[in-house]
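Colleague: I would like a close look at a single part of this model, with some context from the chain around it.

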Amino acid sequence: LRGGGNLPSSLYKELNPNYIPPSPGRSPVPYENLGSVEAGGYYEQRIYCRESLPEVVMNYWSDLARTSPELFVVTLVCSNIFLLWQIPGCQRFLQRNFVCSRYNVKSGRLFSIILAALSHSEFWHLAANLLALLSLGPPVQRTLVSLWPPFAGAAVSSSASFLLWHGKGACMGRSGVTMALLAVF
C-alpha cells in the first residue's frame, strides 16, 4: 500500500473528511464511511515519492533558475538582503542605501528608491512578497516576456508615491511591485 521514499508512516495517513463516528450504542454500517474500518477515522493514502525533501527543494530552485532567471535572481537578492538585516553591523549601511526616505534622496542616494524594493527586514514581509512574486510572476512573465522593466517601474513609482504622500518616515519592501504584478495579472 505504501510507495517508495523515506517518509515516515504518519504521512501516509490523513483524516477522512467524510468520516462520521458511530453514535454510542450503534455499530458502524459496513462501507458507510470510508475510513470507518480504522480507529479514529483514518484511511490509508497511497503516496509515491521517489525524491527526498532536499532533492525536491533543489529541483524547484534549479527549475526556477532555468525557466525564469529574473524571478530566481530577485528571490535570491531579496533573501540575501534580508539575511544582512539580521546582522547588527550591516544595519547602518542598509539604512543609508536600501531604505527609501527623504533624507536618503536629499543626501544624493537616489538609487535607494529602487534598492528599497529589494529590502525586507522582517521575515513575514519577505515571505508574503516572495509568495506573491513566485505565484504571480510566471503568468505575468509569459505575458510580458521580461519582468525587469515592470519591476523597476513599479519600484520607482511606489517609492516616489511614498515620498510624495508621506513627509516623514521611510519605506522598504517589494509590496509596490507585488501590487503592480497583481494589477498586470
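Colleague: Among contacts between residues at least 6 apart in sequence, what percentage join residues at least 24 apart? After that, please take α6, residues 123–144, in detail.

Modeller: The share is 66%, where a contact means heavy atoms within 4.5 Å. This is a predicted model, with local features requiring pLDDT of at least 70 and side-chain atom pairs pLDDT 80 or more, while totals for chains, interfaces and linings use all residues. Residues are numbered from 1 along each chain, and side-chain values use heavy atoms, without hydrogens or water.

The chain has eight helices and four strands, taken as DSSP runs (H or I, at least four residues; E, at least two) numbered from the N terminus. Their order is β-β-α-α-α-β-α-α-α-α-β-α. Of the 185 residues, 30% are buried, that is, under 20% relative accessible area with a 1.4 Å probe, counting protein chains only.

Helix α6 has 22 residues and reaches 29 Å from first to last C-alpha, close to the expected 32 Å (1.5 Å times one less than the residue count). At G137 α6 bends by about 40°, the angle between axes fitted to the seven residues ending there and the seven starting there. A proline, P138, follows within four residues of the bend. G137 is itself buried, as are L126, N129, L130, A132, L133, L136, V140 and Q141. Just beyond the end of α6, V145 has a positive phi of about 75°.

Key:
Buried means under 20% relative accessible area, exposed over 50%, partly exposed in between (1.4 Å probe, protein chains only).
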